[in-house]
Amino acid sequence: MDELEKQELSERDICTKYITPAINAAGWDIHTQIREEVYLTNGRVIVHGQKTTRGERKRADYVLYYKQNIPVAVVEAKDNKHAVSDGMQQALSYAHMLDVPFIFSSNGDAFLQHDKTGLFNEVEKELALDEFPSPAKLWEYYCHWKGITDENRKIVTQDYYSFHGRELRYYQTIAINRTIEAIAKGQDRILLVMATGTGKTYTAFQIIWRLWKSRTKKRILFLADRNILINQTKKNDFKPFGSAMTKVKNRQVDKSYEIYLALYQAVSGTEEDKNIYKQFSPDFFDLIIVDECHRGSADENSAWREILEYFSSATQIGLTATPKETETISNIHYFGEPIYTYSLKQGIDDGFLAPYRVIRIDIDKDLQGWRPDKDKVDKYGRLIEDRIYNQKDYDRSIILDKRTQLVAREVTEFLKSTDRFSKTIVFCENIDHAERMRKALVNENPDLARDSKYIMRITGDENEGKAEVDNFSLPESKYPVIATTSKLLGTGVDIQTCKLIVLDKRIQSMTEFKQIIGRGTRINEEFGKLYFTIIDFKKATDNFADPDFDGDAEEVYEGGSVKEFKPKLIGNKLKPYMVDDVDAKVVAVRKQYYGPDGKLITESLTDYTKKTVLNEFASIDSFLKYWSEADKKQLIVREFVEKGLLMEDLAEEIGKEYDPFDLICHVVYDQPPLSRRERANKLKSSGYFAKYGEKARTVLDALLDKYSDEGIENLESLDVLKVEPINQYGTPIEIINMFGGKDNYLEVIRAMESQLYMAEA
């Protein structure tokens, strides 16, 4: 094939004819070692109004594996019109994501190799097609780079467990491989930081499986602090261990198993004879994995620490979404620096975790405080101490009953405006508050609350509620819908379809805040869960502004612990004042949104829109030129949405009758807006359609009506030809043929769009 013919080939043809054969000829197995078009991410969920779209997915043209789930190289392909090196920048970004050291770019003429190990003579070198390195060669360099010796390669190359139809995500593979490699090299304290909802337990299973199967670790203890976590783990992710696995229960020990799952409370106690873990010899376990290790395992005074120190000869791995760093507790001091961190921000950017929006609701008594009148008594006749009460007091030392009712009313109104069967968690100050909130919500929802499981209190002291945790967690289970809680649902419980988190609780621990937010971050597309909303009544979301909110674990101590307010002692009981005759009202509601940079957009929607558009189009002329020259206006709208502009919310604020063009011109450039219907009517009355036949004019009129009602996207999609009333005029093919074929039809639509915006253009 001559050079000109080669340049006419598509990128896919170049892969098929030149790149794949060259890699295969170097000894890479096409079935097990070469994967083409590997999607690394799902594409960030972009929320506009109550609708969502997905951003672009990141896709590597080739990932090369020494063996399954052990990637060593990335290859980026370009068509032959490009230079050999044109794919390198893209390939380097994918290699960074995949944690691989060898990167190649090719246009079908040759390969450009980039080496991150420093072991080749040159960082970048061009290779002929027949010089592509073999798997054995790259694996040798990889092992040398990682410090993997001949003696420990068996551990590193141990097979993963293959779940049918369940592929590992790229970050899980990195976490697993780095852990196995660290253990192979003798590291015995390991910390993995992975955001809630990213599959820590599944990652732990694969680590255990590979170490167990290679007989590197023969007896393993998996520790957690919630019974539901142990049960979920045993039933789901750890199921392949089968009869080799047991759950420690009834404080009984059977030493005939190899995989032990235990609630740490079940193996430890305050009295020496209750510490049943001591029935095992100190060297019984080879490996201990501590799930949710932020919950005190690194505290020198904790029961977890006792267990870990007793089995100090075992390799110990801590898993957490929130490394705990305070004056008295340090996971880093115990486990060492994390060997891998996958953050909430990265999970949202990759589209594996759900983005969020925040509604801050300020209540007058919270902002201004409340002071009782002289000699005022509470509902039960007790004299109320004369001082100013504020947010830190409410639902602790004093209860304003009407404030609770107001919160319940606001939550109910939100659910009524969205979906009353959205799984909702209301976080309260304590168990008593959770019960009062349950009652207030029941009274606000008399129609649905007749089913006693529509709203339930799920707290640690109440068996009926705790018994419903599984049902609340299951996407298929309709009830319970709303759960009020204080701490029980704040960590670990996997609630995939939670769409609303309500914060009526002061949260002054970053660890607790991250864990609570993590209840909403899971995505379940089958059940329509792609984002979630946080309604915050107590300024808890101020934590989003903290630079540590989503940072890596750092050894920084704030000093001291938060002193909780202690309620007034009345009689022999700690009992708050109950006030039921003081009104409360909402004084401010502010919406905040998760922006493309991972930060909350806290300024007004119009200010944020203006700033974002002006960064790109300094003048209205530059914007109009860009708009008028675009083949598809909807692509411009999508670009803006991906930059964080919330067009549907802007329409709610400015007017639903305006399309994105008018919203931007009005908000950014102070132009008077025209409604879609006004634009459509101007075009209809202009005589512009006279040049078309009667049937074609009828179709164009109907399309304009569709635009008036629903927006610009309807003009630019062929799918609109399938819906009423346009489908009355024929099949899509018949309608397109009225205009002389698809190309002519699309040109007519583009011309019609230009006429719609003619005055401004």
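**Close-up views of a predicted model**

**View 1. The pairing of β11 with β12.** Strands of a sheet pair through backbone hydrogen bonds, in either a parallel or an antiparallel sense. Here β11 and strand β12 (residues 259-263) pair in the parallel sense over three bridges, and within this pairing K247 stands opposite L261 in β12.

**View 2. The largest nonpolar core, with I23.** The largest nonpolar core has 89 residues, and those with the most contacts inside it are I23 and Y170. Helix α6 (residues 170-184) contributes the largest share of this core, nine residues, while domain 1 (11-42 + 53-146) and domain 2 (152-342) each supply at least three residues to this core. Leaving aside neighbours within four places in sequence, I23 is in contact with W28, I34, Y62, L64, V75, F111 and F132. A second, separate core of 53 residues includes V613, Y707, I736 and I749.

View 3. In helix α20 (residues 620-629), the residues F623, L624 and W627 are buried. When α20 is seen down its axis, its buried residues fall within an arc of 95°, so they line one face of the helix. These buried residues of α20 pack against α21 (633-642) and α23 (660-669), whereas D621 and E629, on the other side of α20, are exposed.

View 4. L367 has its place in helix α13 (residues 364-368) and is partly exposed, because its relative accessible area of 43% lies between the 20% limit for buried and the 50% limit for exposed residues. Not counting residues up to four places away in sequence, L367 touches D362, K539 and V587. L367 and K538 are 171 residues apart in sequence, yet 9.8 Å apart in space from C-alpha to C-alpha.

How values were computed:
Residues numbered from 1 in each chain as written. Predicted model: local features only at pLDDT ≥ 70, side-chain atom pairs only at ≥ 80, totals over all residues. Heavy atoms only, no water. Helix = DSSP H or I, 4+ residues; strand = E, 2+ residues; numbered from the N terminus. Buried < 20%, exposed > 50% of the residue type's maximum accessible area, 1.4 Å probe, protein only. Contact = heavy atoms within 4.5 Å. Core = buried A, V, L, I, M, F, W, Y, C linked by side-chain atoms within 4.5 Å. Domains from an automatic or database assignment. Arc of directions from axis to C-beta. Pairing = 2+ DSSP bridges.
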